[in-house]
Amino acid sequence: MEYFEIFPWHKNFETGIALIDEQHRKLVDILNDLAAHLANRSHAITLNKVFDELAEYADYHFQSEENIWREHFGDDEWFSQHEKTHESFIGKVVALRSEQSEKSLDEVIQGIVSFLTQWLAYHILDSDKRLAMAVAALQQGQSLEQAKLHANEQMSGLMSVLIETVLSMYDSLSSRTMDLMRERSLRKQAEDALQASETRLQAVLESSGESVWDWDMASSQSESSQQPLPLIDLSGTAETSEPGGAHIHPDDIAGVGAALQAH
């Protein structure tokens, strides 16, 4: 399988909290793996296996992340909103996956990959980084309200424009990359299937004892799948002719010639 990154990791995705950054990187790696399998048209079993791994790790990551946020934010609205975001993510993925009864697995997984790419980029760049900035401010001795204000100031202004720009770029890049990789994979599969078909046909011809030939009537040139075979008459006596010679009974030559010309 040819691997590629539909979601290239960038240092700007780092929140500064080692555990969260490590888990985000793992989520991105699994997402890239899923996209690569989809582009290379892997078997449905493989696609579902990688998707299950992604869903399970996302659930594990959300629990780990929420433990960190809860420790610093308690029952604050920032934590409750973040928790609801995680719940909506799981609900959306389940809803997308349930479309398998209406769409092909390829279409379902592609829809999930598109959703995950946008959701994960926005979640990391906006929500998680905002909370991480507030945590850093809290650790410096600021109150919760001061820390939230500081984080909002840091995230304001051009940051929202940057986020939307990055999301748009990732969406366009992922879509074009996916189309190119799938087209390339389909072409490779078609070439492999054609080669396999030709190999099987050659094996059939070689084992059948028959000679298939091609005649260019304009140039009077002919080609055969194999060397001329001996003819076996009813008495079991083998007779061979020179290459290019006729295997036609003398009494039948005139009739065969007339039929050939008529054809």
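## Contacts of F89

In this predicted model, F89 is in contact (heavy atoms within 4.5 Å) with A58, F62, F115, L116 and W119, leaving aside its neighbours within four places in sequence. F89 and F115 are both buried, the term denoting under 20% relative accessible area, with exposed meaning over 50% and partly exposed in between (1.4 Å probe, protein chains only).

Residues are numbered from 1 along each chain as its sequence is written. The model is predicted, so local features need pLDDT of at least 70 and side-chain atom pairs count only at pLDDT 80 or more, while totals for chains, interfaces and linings use all residues; side-chain values use heavy atoms, without hydrogens and water.

## Aromatic pairs

Nine aromatic pairs are found in a search of the whole structure. Rings of Phe, Tyr and Trp (its six-membered ring) pair if their centres lie within 6.5 Å; planes under 30 degrees apart count as stacked, over 60 as edge-to-face and the rest as tilted. F73 and W78 form a tilted pair, at 6.1 Å centre to centre and 35° between the planes. F73 is buried at a relative accessible area of 4%, and W78 is buried at 12%.

The pair of F89 and F115 is stacked, with 5.9 Å centre to centre and 25° between the planes. Because F89 lies in helix α3 (residues 77–97) and F115 in helix α4 (residues 105–139), this pair ties together parts that are 26 residues apart in sequence. Helices (H or I, at least four residues) and strands (E, at least two) are DSSP runs, numbered from the N terminus. Ring pairs also link F62, F89, F115 and W119 into a cluster.

## Nonpolar cores

A nonpolar core is a set of buried Ala, Val, Leu, Ile, Met, Phe, Trp, Tyr and Cys residues joined through side-chain atoms within 4.5 Å. The largest one has 37 residues, of which F7, L34, F89, V113, L116 and L120 touch the most other members. Helices α1 (18–39), α2 (44–73), α3, α4 and α6 (158–208) each supply at least two residues of this core, and its largest share, 12 residues, comes from α4. A second, separate core of 15 residues includes W78, F79, A132 and A147.

## Charged side chains

Seven salt bridges are found in the whole structure, each defined by a side-chain nitrogen of Lys or Arg within 4 Å of a carboxyl oxygen of Asp or Glu. One joins E77 and K148 (4.0 Å, N to O), linking helix α3 to helix α5 (residues 144–155) across 71 residues. E77 is partly exposed, with a relative accessible area of 46%, whereas K148 is buried at 7%. K148 also meets E145 in a salt bridge (4.0 Å, N to O); E145 is exposed at 52% relative accessibility. Salt bridges that share partners join D76, E77, E145 and K148 into one network.

Within helix α4, D126 and R130 lie four residues apart and form a salt bridge, their closest N and O atoms being 3.0 Å apart. Both D126 and R130 are buried.

## Confidence and overall fold

The protein chain has a mean pLDDT of 81, and 83% of its residues reach 70 or more; pLDDT is the predictor's confidence in each residue, from 0 to 100. The value stays under 50 over residues 231–236. Where pLDDT is low, the predicted coordinates should not be read in detail.

The chain has seven helices and four strands, following the pattern α-α-α-α-α-α-β-β-β-β-α along the sequence. Of its 263 residues, 33% are buried.
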